[in-house]
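Welcome, and please take a look at the model below.

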Amino acid sequence: MFLIIVHHFSVRGVSDILGAIYNFSSLTEANSFWLFLLGIGGKIGVNIFVMITGYFMIKKCITIKKFFSIFFLTLFHSIFLMLFAFYFLHCDLTKYDILAGFSPFFFYKYWFVKYYLVLFMIIPLLNNTFKTLNKKIYLSALCVMFIFWCVLPSFGKINFTNSHFMWFIFLYLAGGAISRFNISIKRRYCIYGILASLLLFMTQIAQIVSKVRIGAHAGYFVENHLYYCIIALCMFLIFKDIKLNCNKYINYISASVFGVYLIHENPTVYKVLWQNIIHADKMFLCPNYPIVQIATCVCIFVVCVLID
């Protein structure tokens, strides 16, 4: 979740505000470089989260109680935060804001939750279909999805899916394959994969950072980019083999992670948060921008955990 907050700092706090105003050439190239690099964290976090779901749910049955607990928790946060922003933060609400607040799933609000709930509804179908496949056929199907939904769109103009939902299906099945077939890769190879992907990505950033606007980053902030997929997969494989004892503090924080997302990513709240409270666009112009961004995101995470 921390990676997702860092991503939202780059996108909601800096790019959405400065993208239409500044060119990279009018700012320090170093800060522009960090904008891209830190901005990929959210997409990596989304990929890992869905893979975790597949890892644990591929062998389980989905209950209607779990589905509606996510549904109503999201709806509660949407309505409560909208009213809070109106009465205490004195935000002006349009008819669209009010309608979206009471029906967040029918608007581009909490997009992740919307597609995640749709994925939840077809998990029984995915589980029943893929549990009948042997390892060879299962992994072959994943390879085909990986090539057409990840590799080709990353390096060419061919894009076989622009759908978060289709990509979530792939991630769910990938996590399920790791669980079902007990797939492991040595930690050093996973680290090599992460470092190589970051190095290649940073090389591309260095080539474009002085040529495009801040807002022209859409192609690099998509979940199914090959570099993000490799990094997310390697991180997942590393952490799944780490054995941790039960810790009440970790359990407390993990129980609040979803609430952290719902609080800081609420459309009414994040406009005030990034523009009026944090002033992320001004932080971007600081010489120590990356340190300031990371420290600020830590504070936001802690505050949201305490609120939740």
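## A helix and its span

The expected span of a helix is 1.5 Å times one less than its number of residues. Helices (H or I, at least four residues) and strands (E, at least two) are DSSP runs, numbered from the N terminus. Helix H14 covers residues 289-307, and its 19 residues should therefore span 27 Å; the end C-alpha atoms are 27 Å apart, which agrees.

Several H14 residues are buried, namely Tyr289, Pro290, Gln293, Thr296, Cys297, Ile300, Phe301, Cys304 and Val305. Here buried means under 20% relative accessible area, exposed means over 50%, and partly exposed lies in between (1.4 Å probe, protein chains only).

## What the model rests on

This is a predicted model, in which local features need pLDDT of at least 70 and side-chain atom pairs count only at pLDDT 80 or more, while totals for chains, interfaces and linings use all residues. Residues are numbered from 1 along each chain as its sequence is written, and side-chain values use heavy atoms, with hydrogens and water left out.

## H4 against H5

How do H4 and H5 cross? The axes of helix H4 (residues 64-87) and helix H5 (residues 95-102) come within 8 Å and cross at roughly 150°. Axes are lines fitted to C-alpha atoms, for helices over the stretch in contact, and angles run from 0 to 180 degrees between N-to-C directions. H4 and H5 are therefore roughly antiparallel to each other, a label for angles over 145 degrees.

Leu75, Ser78, Ile79 and Met82 in H4 meet Asp97, Ile98, Ala100, Gly101 and Phe102 in H5, where contact means heavy atoms within 4.5 Å. By class, this contact has six nonpolar, two polar and one charged residues. Ala, Val, Leu, Ile, Met, Phe, Trp, Tyr, Cys and Pro count as nonpolar, Asp, Glu, Lys and Arg as charged, and the others, Gly among them, as polar.

His77 sits in helix H4 and counts as buried because its relative accessibility is 8%. Beyond its neighbours within four places in sequence, His77 is in contact with Tyr110, Gly259, Leu262, Ile263, Asn266 and Asp308.

Leu89 lies in the loop between H4 and H5; at 32% relative accessibility, Leu89 counts as partly exposed. Setting aside neighbours within four places in sequence, Leu89 is in contact with Phe84 and Val272. The C-alpha atoms of Leu89 and Val272 are separated by 8.1 Å, although these residues are 183 residues apart along the chain.

Methods. Angles under 35 degrees count as roughly parallel, over 145 as roughly antiparallel, 65 to 115 as roughly perpendicular and the rest as oblique.
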